[in-house]
Amino acid sequence: MAAGTIVFIPCWESGHFMSMITAGKRMLEAAAGALSLTVLVMRAPTAAKASEVEGHVRREAASASGLDIRFLNLPAVEPPAGGFVAPEEFNFRYTQLHAPHVEEAIAGLEPTPVAALVVDLFCTPLLDVAADLAAVPRYVYFASTAAFLALMLRLPLPESRDDLAAKLRGTEGTAHVPGLPPVPLRYMPACLSRDKIGNYEWFADYGRRFMDAHGIIINSSVELEGGVLDAISDGRCVPGRPAPAVHAIGPVIWFAAREQQPHVCVQWLDAQPAGSVVFLCFGSKGFVDTAQVAEVAAGLEQSGHRFLWVLRGTPAAGSSHPTDADLDVMLPGGFLARTQGRGLVWPAWAPQKEVLAHSAVGGFVTHCGWNSALESLWFGVPMVPWPLYGEQHLNAFELVREMGVAVRLKDMEASEVGYFVEAAELELAVRGLMGGTEEGRKAREKAAEMKAACRKAVEEGGSSHAAMRKLMGEITTGGVAPPP
Ligand SMILES: COc1cc(-c2[o+]c3cc(O)cc([O-])c3cc2O[C@@H]2O[C@H](CO)[C@H](O)[C@H](O)[C@H]2O)cc(OC)c1O
Ligand SMILES: O=c1ccn([C@@H]2O[C@H](COP(=O)(O)OP(=O)(O)O)[C@@H](O)[C@H]2O)c(=O)[nH]1
């Protein structure tokens with residue numbers, strides 16, 4: 001029977017929620033029965049997201065993991081009234097409104113001692129509630145890259161604010177992300193770009209609060225982002241003040257139970273030659289408009305390669321989630337007939353991990369969501385980055401420039417956020433990715449190396465395995481250093 005419980009407060013976005021629950025399971029496994037996990041579930045601010053989260057909770061609660069996990073729904077709060085400068089401001093205020101409920105839920109756990117509190121990167125307003133629980137170590141779970149973390153830690157510094165804010169008012173120049181070579185402004189996260197400068201203070205505030213944590217648990221590894229992790233631990237993000245310890249335990253990848261009947265996409269892949277198919281998928285939010293669809297279709301057709309394209313329709317009013325695409329309306333006339341046998345366009349949610357794991361898949365055109373990038377590396381699939389939102393442009397920079405596992409779209413470096421990709425650009429990138437250029441062949445080799453490194457990292461003796469052991473050691477023995 002567990003002697004204490006780790007309290008988790010995840011964010012409602014699926015990528016964050018499931019990444020954190022999967023990390024929690026790994027933590028329990030490493031604690032070998034000494035601890036349980038209590039997940040405090042906030043009601044998501046929209047009905048669609050609330051139902052998504054309910055689905056995750058139902059599936060997890062029903063799964064026979066043998067681990068001691070329980071989900072407690074926090075009372076719903078009224079979303080704060082509008083007029084926000086940024087979505088981050090909404091998140092911040094909405095999350096903060098849950099503080100009394102979190103305190104009450106934690107008090108209700110007695111007599112079970114709380115061994116640690118872990119909050120999502122967007123839930124740091126709730127880090128303080130455990131300040132009353134004087135001895136309880138508090139952690140942030142960071143479901144994104146160490147590079148994005150380094151940037152966020154640095155944002156509150158006056159010199160960083162002045163420098164970056166001035167640069168972001170223009171379009172030329174580079175930004176300083178500790179541990180990375182100079183980052184061209186067009187690779188800065190879309191959430192911090194020129195037209196979103198109002199977000200700056202909110203991101204800076206999140207970054208400031210990370211310093212109040214005992215540690216940051218991150219879905220990355222030394223093998224993937226060693227340079228940036230060193231920069232954080234050497235104090236190059238917040239000079240003069242040690243950063244919280246960073247526990248790089250990744251890749252953390254959420255694998256759903258397999259359906260009994262293989263998915264249509266998988267059945268189609270079964271009939272394709274090894275390494276012959278380029279896969280296109282743009283995450284949980286990604287969709288493209290009709291003009292862009294026509295260019296993608298033409299690019300794929302002209303590339304001559306086999307493809308599996310997850311094409312989603314525009315979200316319904318008031319939603320940010322794509323709908324299932326009506327292919328007859330969205331695709332150019334005759335495209336399906338002309339590409340029959342060598343291409344499949346799938347209009348709904350696809351089993352991305354199963355697709356990436358399939359031997360027929362030779363490349364991935366991706367929006368560079370960090371979960372997608374990690375999944376691609378896990379299966380050794382080289383990428384073409386097509387970042388859309390959030391921090392994805394910075395992720396693309398690392399994949400291309402730092403890791404060398406991706407072939408860039410021709411004009412990406414010369415484009416504004418939300419750029420339009422022409423057929424010829426996509427054709428060229430796909431040809432390169434599938435082995436037609438030296439850059440593409442190198443990216444494939446690098447992706448294979450990364451696959452081996454990712455798997456080694458989480459095995460016994462690997463860096464992420466050791467980081468997890470150290471983290472759980474400090475939680476179970478209470479031997480954690482106070483926040484810097
Ligand atoms: C990590 O930094 C940011 C993330 C987001 C962001 O916002 C978002 C909003 C939605 O309505 C639905 C989403 O799915 C979603 C996802 C999202 O980030 C993604 O999170 C993943 C982690 O689980 C992963 O890190 C991906 O790379 C992210 O793109 C938004 C944002 O600024 C607006 C961020 O800075
Ligand atoms: O059709 C789809 C689209 C996405 N995903 C999964 O959804 C997650 C997307 O997370 P990511 O961080 O890449 O991007 P986000 O959706 O948060 O932008 C990944 O685990 C993908 O495998 C999937 O399985 N099928």
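In which sense do strands β8 and β9 pair, and over how many bridges? I found that β8 (residues 215–218) and β9 pair in the parallel sense over four bridges, where pairing requires that DSSP finds at least two bridges between two strands, and strands (E, at least two residues) and helices (H or I, at least four) are DSSP runs numbered from the N terminus. I noted A245 in β9 as the bridge partner of G215.

This is a predicted model, in which local features need pLDDT of at least 70 and side-chain atom pairs count only at pLDDT 80 or more, while totals for chains, interfaces and linings use all residues. Residues are numbered from 1 along each chain as its sequence is written, chains are lettered from A and ligands numbered from 1 in the order in which they are written, and side-chain values use heavy atoms, with hydrogens and water left out.

I then traced the open sheet of seven strands, which has parallel pairing and the order β3-β2-β1-β4-β5-β8-β9. Because β3 (69–73) and β9 (245–248) stand at the edges with a single partner strand each, one side of each is left without a neighbour in the sheet.

Next I looked up ligand 2, which 15 residues surround (a heavy atom within 4 Å), S284, A350, S372, E375 and Y389 being the closest. For polar contacts (pairs of N or O atoms within 3.5 Å), I recorded 2.6 Å between a nitrogen atom of ligand 2 and a polar backbone atom of A350, and 3.2 Å between an oxygen atom of ligand 2 and a polar side-chain atom of Q352. Helix α14 (370–378) gives the largest share of the shell around ligand 2, four residues.

How values were computed:
A polar contact is a pair of N or O atoms within 3.5 Å; within protein, one must be able to donate a hydrogen and the other to accept it, and residues adjacent in sequence count only if both atoms are side-chain atoms.
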